[in-house]
Amino acid sequence: SGGKTTLANAILMRLPAHERIGLIEDAREMALQVEHKNCYLASPQTGLTAKVLVKQAMRERYDRLILSETRGDDTFDLLRALSSGHNGSVTTLHASSAMGALSTLELLFQMSLPPGVQMSPAAAQGYITSCINLIVFCSRPYERQPDGTEKSSRRVSEVAIVKGVKDGAYQLEYIFPKPGHE
């Protein structure tokens with residue numbers, strides 16, 4: 001959805017200057033302005049995939065790991081990194097809502113499991129909710145202009161705290177929009 005990179009850059013500008021950051025991208029888009037950073041550029045043509053770079057970053061001692069976008073085979077390793085002390089890390093993905101982001105992440109996670117490894121949906125959901133604390137969902141709705149044209153604008157539509165999973169359903173606490181004020 002609209003504005004993922006712009007929002008991620010805005011969040012990353014607020015990182016404390018003393019933290020060590022590992023940034024993995026497939027195109028240089030993140031404007032990470034901290035002193036202690038290592039930027040890695042994925043190049044799947046040479047075998048230097050995001051998955052390989054996430055594994056490499058886990059060997060380093062970063063305070064946070066930033067993956068510009070999780071797309072598939074990197075998801076298992078990314079969640080492993082998030083569950084091993086890289087609190088406050090950031091990634092983006094395509095989804096249609098905050099709740100949809102968790103469903104998409106679950107699908108990407110299941111698709112990225114190592115060969116021969118299986119995980120029940122309940123176990124995968126539990127693992128995901130132990131790794132992901134907050135979802136910020138951006139949308140790009142079209143609005144009719146006075147001249148009759150349609151123009152899109154990017155905006156934060158939902159901010160939700162991930163509370164866990166119950167009976168196979170993700171539990172979110174929406175802090176924006178405030179409940180009852182949609």
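The questions and answers below concern a predicted model, and they take up its sheet and its aromatic rings.

Me: Which strands lie at the edges of the open sheet of four strands?
Reply: The sheet is open and its four strands pair in parallel, in the order E2-E1-E3-E4. An edge strand pairs on one side only, and this holds for two of them, which are strand E2 (37-41) and strand E4 (90-91).

Me: Which residue in E2 is the bridge partner of Ile 24?
Reply: Strand E1, which covers residues 21-25, runs parallel to E2 and is joined to it by five bridges. For Ile 24, the bridge partner in E2 is Tyr 40.

Me: Is the aromatic pair of Phe 109 and Tyr 127 stacked, edge-to-face or tilted?
Reply: A pair of aromatic rings is described by the distance of the centres and the angle of the planes. For Phe 109 and Tyr 127 the centres are 5.7 Å apart and the planes stand at 40 degrees. Planes under 30 degrees apart would count as stacked and those over 60 as edge-to-face, so the rest, including this pair, count as tilted.

Me: Which parts of the chain does this pair link?
Reply: The two residues are 18 residues apart, and the pair links distant parts of the chain. Phe 109 belongs to residues 98-111 and Tyr 127 to residues 121-131, which are helix H4 and helix H5.

Me: Which residues do the ring pairs link into a cluster?
Reply: The structure holds two aromatic pairs. Ring pairs link three residues into a cluster, namely Phe 76, Phe 109 and Tyr 127.

How values were computed
Residues are numbered from 1 along each chain as its sequence is written. This is a predicted model: local features need pLDDT of at least 70, side-chain atom pairs count only at pLDDT 80 or more; totals for chains, interfaces and linings use all residues. Side-chain values use heavy atoms; hydrogens and water are left out. Two strands pair if DSSP finds at least two bridges between them. Rings of Phe, Tyr and Trp (its six-membered ring) pair if their centres lie within 6.5 Å; planes under 30 degrees apart count as stacked, over 60 as edge-to-face and the rest as tilted.
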